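Please keep the sequence and the 3D view at hand while reading.

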Amino acid sequence: DFDVTYVDQGAAAVAAVEESLRAGAPFQLIFLDMRMPPGIDGKETARLIRLLDPEIHLVMVTGYSDSSPVEVAKVAGPFDKLYYVAKPFEIEEILQLARALSEKWRIERELKHARDAANAASVAKSQFLSMMSHEIRTPLNGILGMAQVIAASTREEHTRNQASTLLASGDAMLVILNDILDMSKISAGKLEITPGEHHLIGCIQQVERLFRPFAQDKRLSFRLVCSDEAQSVLKFDAVRLNQCISNLVSNAIKFTRSGEVVVAVETKDASNNSSQVVVTVRDTGIGMSPETIARLFLPFAQADGSIAREFGGTGLGLVIARNLARMMGGDLTVQSCP
């Protein structure tokens, strides 16, 4: 049933493993005695083999050992790839173990190859999205710049309205591109957090100034409630915090037809001379069911088709916000009902 290589010394076993790896045909498993005078013993042989091939299965076949299984496992582990058969044994024991471990080795290899292929595909996808986002953003910035020039230089109301529509559409596309670019960076592990010293309240007020006109257009009450402690200077990534809160406030205004949107900020003392900042964005909008909440942080997920058609969006904002929050040592959680 098997192709078998036989050697009678530990050093020869190590050489055989090395040769098999060079040939691209690694051994599935090795049956190894513990005492093999005059050369190196089974423990040292196992250690050297494990250094060469971390995936190989080792079976120690011995009637007496100078080293305990625990000692051998320390140098030739992990435990799930190290086994023991006591002498004397029946040949059927060896055959059954060989069949079982060969199949286990084969399945592990297939799973590893599938995982490596999936990871490579994910990296390729992220690189493609990142490249395309950059490629599209360059001409889009040119379009937006020219639209701004037209809007500022013309006196014709009709032309200004056309330029304003062009600007609004371009800005919406830029938001989508930025989301896709950030998501691709997060997937590739290349998005970085750069903390600095900032006024927390100043960062929150920037978001408030940005979104207050949108709330006023919908006749919504928009309030900022900030504790005294939250007005101090703290060390954090202001750009990424702004991005997180902007996503939440944008959603709150988007999904609220009447009532109010409230941003509350407070700090709590934490260990190691640090503070925990809690930002709560609360609204009187349409709310969410438990089913919606369960898929809220899945990429490209929306509440349902009708929500996507009515309110739009890529379904990436909250995914990005939660990832950013966790990268900054925090988290993003939700409480809601329809």
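The largest cavity in this predicted model is lined by I204, V207, E208, F222, L224, I245, V249 and V263. The elements that supply two or more of these lining residues are α6, β5 and α7. Helix α6 gives the most, with 3 residues. By class, the lining has 7 nonpolar residues, no polar residues and 1 charged residue. The volume of the largest cavity is about 40 Å³. How many cavities of 30 Å³ or more does a search of the whole structure find? The search finds 1. As background, rolling a probe the size of a water molecule over the atoms shows where empty space is left.

The second largest pocket has a volume of about 890 Å³. Its lining is made of 28 residues, and V4, T5, L29, I30 and F31 are the ones that lie nearest the centre. Three elements, α1 (10-22), β1 (29-32) and α4 (91-153), each supply at least two lining residues. Sorted by class, the lining of this pocket has 19 nonpolar, 4 polar and 5 charged residues.

Next comes helix α2. An α-helix has 3.6 residues a turn, so residues three or four places apart point the same way.

T45 lies in helix α2, and its relative accessibility is 0%, so T45 counts as buried, the cut-off being under 20%. Leaving out residues up to four places away in sequence, T45 touches G10, A13, V14, L32, M36 and I40. At the start of α2, a side-chain oxygen of D41 comes to within 3.3 Å of the backbone nitrogen of K43.

Helix α10 (residues 317-327) is mostly covered, with 8 of its 11 residues buried. The buried residues are G317, L318, V319, I320, A321, R322, L324 and A325. They pack against α5 (157-188) and α7 (238-254).

Some backbone angles in the model also deserve a note.

| Site | Feature | Angle |
|---|---|---|
| P37 to P38 | cis peptide bond | omega near 10° |
| K87 to P88 | cis peptide bond | omega about -5° |
| R219 | positive phi | phi about 60° |
| G329 | positive phi | phi about 85° |

Where do these sites lie along the chain? P38 is found in the loop between β1 and α2. P88 is found in the loop between β3 (82-86) and α4. R219 has its positive phi although it is not a glycine. Is R219 buried or exposed? Its relative accessibility is 77%, so R219 counts as exposed, the cut-off being over 50%.

Notes. Residues are numbered from 1 along each chain as its sequence is written. This is a predicted model: local features need pLDDT of at least 70, side-chain atom pairs count only at pLDDT 80 or more; totals for chains, interfaces and linings use all residues. Side-chain values use heavy atoms; hydrogens and water are left out. On a 1 Å grid over the protein atoms alone, a cavity is a set of points where a 1.4 Å probe fits but cannot get out, and a pocket is an open set with protein on both sides within 12 Å along at least five of seven lines; lining residues have an atom within 4 Å of a point. Grid points are joined across faces, edges and corners, and a volume is the space filled by probe spheres set on the points. Helices (H or I, at least four residues) and strands (E, at least two) are DSSP runs, numbered from the N terminus. Ala, Val, Leu, Ile, Met, Phe, Trp, Tyr, Cys and Pro count as nonpolar, Asp, Glu, Lys and Arg as charged, and the others, Gly among them, as polar. A polar contact is a pair of N or O atoms within 3.5 Å; within protein, one must be able to donate a hydrogen and the other to accept it, and residues adjacent in sequence count only if both atoms are side-chain atoms. Buried means under 20% relative accessible area, exposed over 50%, partly exposed in between (1.4 Å probe, protein chains only). Contact means heavy atoms within 4.5 Å.
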